[in-house]
Amino acid sequence: IDLPPYSMKKLLIILVLCLPTFAFGKGLEKKKALELIDSTVMIHSGGSQGTGVTLFSHVSKDKRVKKTYIITNKHVAGTVGASCKITKYVLLKQRNTVGKKEYDAKVVFVSKKHDISLLEVDTPVSEQFRTVEFSTEKDWDKTTLYSKIYLVSCGLGTIPTVTTGNLSYVNKDETKMGFTAHIIYGSSGGGLYNKKGQLVGLCNAIRLTRGHPITHKALGIPLPTILSELKKSKFKFIVEQEPEPEEDNPWDEEEEEEDWNDWEDNGREDPKPKMKKRYF
């Protein structure tokens with residue numbers, strides 16, 4: 001096509017501007033990111049602080065309270081029966097923090113092996129908690145090496161923020177995942193999401209070398225493991241997104257511990273002076 005120099009230059013500029021969209025597609029939409037922030041809470045338990053993700057909320061059988069279930073790490077909230085506080089933030093014009101509400105929560109399920117704690121919160125029926133959407137099996141299969149990953153967490157005790165990175169690995173048993181979204185102390189328990197805003201995992205560890213955090217090397221728990229652990233408990237109705245069953249079973253708590261080696265999740269220093277490579 002024979003175009004005048006000015007028209008050719010204009011065409012090239014348009015192609016350059018459109019190339020990122022064609023090559024990489026759209027990322028997480030602003031509206032969805034704000035919804036994920038709204039479904040994220042800060043957790044205080046004893047001397048530790050971390051993040052939680054709201055999975056499920058429903059009105060109790062007696063219609064008096066709303067029961068809400070929040071997932072986080074065991075090293076953040078503790079073992080079954082432990083009490084903690086959660087903080088839910090209120091935003092104005094989608095940018096300013098205008099208030100916050102605190103609630104009492106208790107740990108009702110723990111998987112020690114996978115560093116998971118499930119919290120139950122009782123609130124008035126009128127209280128609204130936004131819940132997250134689980135990744136479908138099809139979308140999880142599409143979450144491959146270098147897929148975009150979004151972390152929403154309350155790092156350093158701030159209001160929930162979003163950081164972006166890539167999936168760096170998932171081990172063959174789908175019990176551990178690595179990612180490069182920036183994290184810091186307090187990010188533990190934060191949700192990991194794909195570009196659709198679907199939950200794909202839970203942040204639980206940061207790499208330390210010489211006692212210093214490597215904020216772009218982090219470890220998480222993949223969604224298949226989280227769902228598998230919940231399905232084995234009395235709280236499988238959360239996975240099925242159905243009301244709580246009539247009959248309650250005793251709380252479950254796994255006893256098997258897993259060695260996380262050179263990964264750190266609660267501020268303890270790595271005594272090894274050199275960074276180790278971790279293979280799965």
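**View 1. Surface and overall make-up of the chain.** The chain of this predicted model exposes about 15,000 Å², of which carbon and sulfur atoms supply 54%; accessible areas come from the Shrake-Rupley method with a 1.4 Å probe, and for residues only the protein chains shown count as cover. Buried residues make up 46% of the 280 residues in the chain, where buried means under 20% relative accessible area, exposed means over 50%, and partly exposed covers what lies in between (1.4 Å probe, protein chains only). The secondary structure comes to 6 helices and 14 strands, with helices (H or I, at least four residues) and strands (E, at least two) taken as DSSP runs and numbered from the N terminus. Of the contacts in the chain with a separation of 6 or more, 63% are between residues 24 or more positions apart, a contact being heavy atoms within 4.5 Å.

Residues are numbered from 1 along each chain as its sequence is written, and side-chain values use heavy atoms, with hydrogens and water left out. Because the model is predicted, local features need pLDDT of at least 70 and side-chain atom pairs count only at pLDDT 80 or more, whereas totals for chains, interfaces and linings use all residues.

View 2. Strand 1 (residues 40-45) pairs with strand 2 (residues 48-59) in the antiparallel sense over 6 bridges, and two strands are said to pair if DSSP finds at least two bridges between them. H44 has Q49 in strand 2 as its bridge partner, and in the hairpin of these strands, with 2 residues between them, G46 takes a positive phi near 65°. Strand 2 is also joined to strand 3 (residues 65-72) by 6 bridges, again in an antiparallel arrangement, and here F56 stands opposite Y69 in strand 3. The hairpin of strand 2 and strand 3 has 5 residues between the strands, and K63 in its turn has a positive phi of about 65°.

**View 3. The surroundings of S45.** S45 lies in strand 1 and counts as buried at 13% relative accessibility. Leaving aside residues up to four places away in sequence, S45 touches V76, A77, S83 and C84. The C-alpha atoms of S45 and I86 are separated by 8.8 Å, although these residues are 41 residues apart along the chain.

**View 4. S187 and the cysteines.** S187 lies in the loop between strand 10 (177-179) and strand 11 (191-193), and it is buried, with a relative accessible area of 2%. Not counting residues up to four places away in sequence, S187 touches T51, L151, S153, G155 and C203. C203 is itself buried, with a relative accessible area of 0%, and C154 is likewise buried, with a relative accessible area of 0%. The structure holds 0 disulfides, a disulfide being a pair of cysteine sulfur atoms within 2.5 Å.

View 5. Most residues other than glycine have a negative phi. Y146, which is not a glycine, has a positive phi near 75°; it is placed in the loop between helix 4 (137-142) and strand 8 (148-153), and at 61% relative accessibility Y146 counts as exposed. Q241 has a positive phi of about 55° although it is not a glycine. Q241 is found in the loop between helix 6 (236-240) and strand 14 (263-264), and at 40% relative accessibility Q241 counts as partly exposed.
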